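Student: I have a model open and want to go through it with you. Where shall we start?

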Amino acid sequence: MKYDPSAAIACLPAGTYDASIEKMEETTAKSGAEMIVVTFCIYHDNQTRKLKEWIVFPAFAWKLRRIAKAIDKMTAFESGVFKPGHYEGECLQLDLEVEDSPQYGEQNKIKGYLPKRAGAVATAPDANTGRVDGPTMAALKSVNRPQKPRPQPADDIIQEDDIPF
């Protein structure tokens with residue numbers, strides 16, 4: 001069997017990538033502090049990759065602020081009430097670096113959050129191939145893939161997490 005040794009990398013090269021916010025969920029950190037786990041979908045070479053970011057409050061609230069600024073949702077951030085629906089499905093760019101640690105090896109780390117490029121539209125990868133149409137998210141055209149309307153979160157509904165820890 002022959003293989004390409006340069007393909008033996010578990011993370012993307014350092015750089016700026018188109019992405020969308022796939023999911024944001026509230027949870028509790030091991031320390032007991034409130035935390036939001038953000039799952040990003042990164043678009044690269046006709047494929048998608050997932051990357052998670054953990055935002056522990058209050059120490060790392062600045063990360064949520066930077067995400068909100070990148071997706072033009074500062075009003076939602078400044079309300080002081082987190083609602084995943086304000087953020088999920090939004091497009092942005094992630095500035096990634098590669099971090100190498102003895103415990104985990106090479107992995108991507110988010111260095112910065114940037115506004116989406118003009119024309120960027122989030123789309124799910126093909127269920128059979130895992131590929132997206134076009135080289136990057138910016139190449140996707142909304143006329144070819146109609147966007148599903150996302151329900152806006154109701155301001156008067158309070159959702160409690162009833163999972164016992």
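Student: Is Gly 32 buried or exposed?

Tutor: This is a predicted model, where local features need pLDDT of at least 70, side-chain atom pairs count only at pLDDT 80 or more, and totals for chains, interfaces and linings use all residues. Residues are numbered from 1 along each chain as its sequence is written, and side-chain values use heavy atoms, without hydrogens and water. Buried means under 20% relative accessible area, exposed over 50%, partly exposed in between (1.4 Å probe, protein chains only). Gly 32 has a relative accessible area of 51%, so Gly 32 is exposed.

Student: Where is the place of Gly 32?

Tutor: Strands are DSSP runs (E, at least two residues), and helices are H or I runs of at least four, numbered from the N terminus. Gly 32 sits in the loop between strand 1 and strand 2.

Student: What is the order of the open sheet of five strands?

Tutor: Two strands pair if DSSP finds at least two bridges between them. Pairing here is antiparallel, and the order is 3-2-1-4-5.

Student: Which are the edge strands?

Tutor: An edge strand pairs on one side only.

Student: How many bridges join strand 4 to strand 5?

Tutor: These two strands run antiparallel. Leu 92 stands opposite Pro 115 in strand 5. The bridges joining strand 4 to strand 5 number ten.

Student: Which strands does helix 1 touch?

Tutor: Contact means heavy atoms within 4.5 Å. Helix 1 packs on the sheet. Helix 1 touches strand 1, strand 2, strand 3, strand 4 and strand 5.

Notes:
Axes fitted to C-alpha atoms, helices over the stretch in contact; angles between N-to-C directions.
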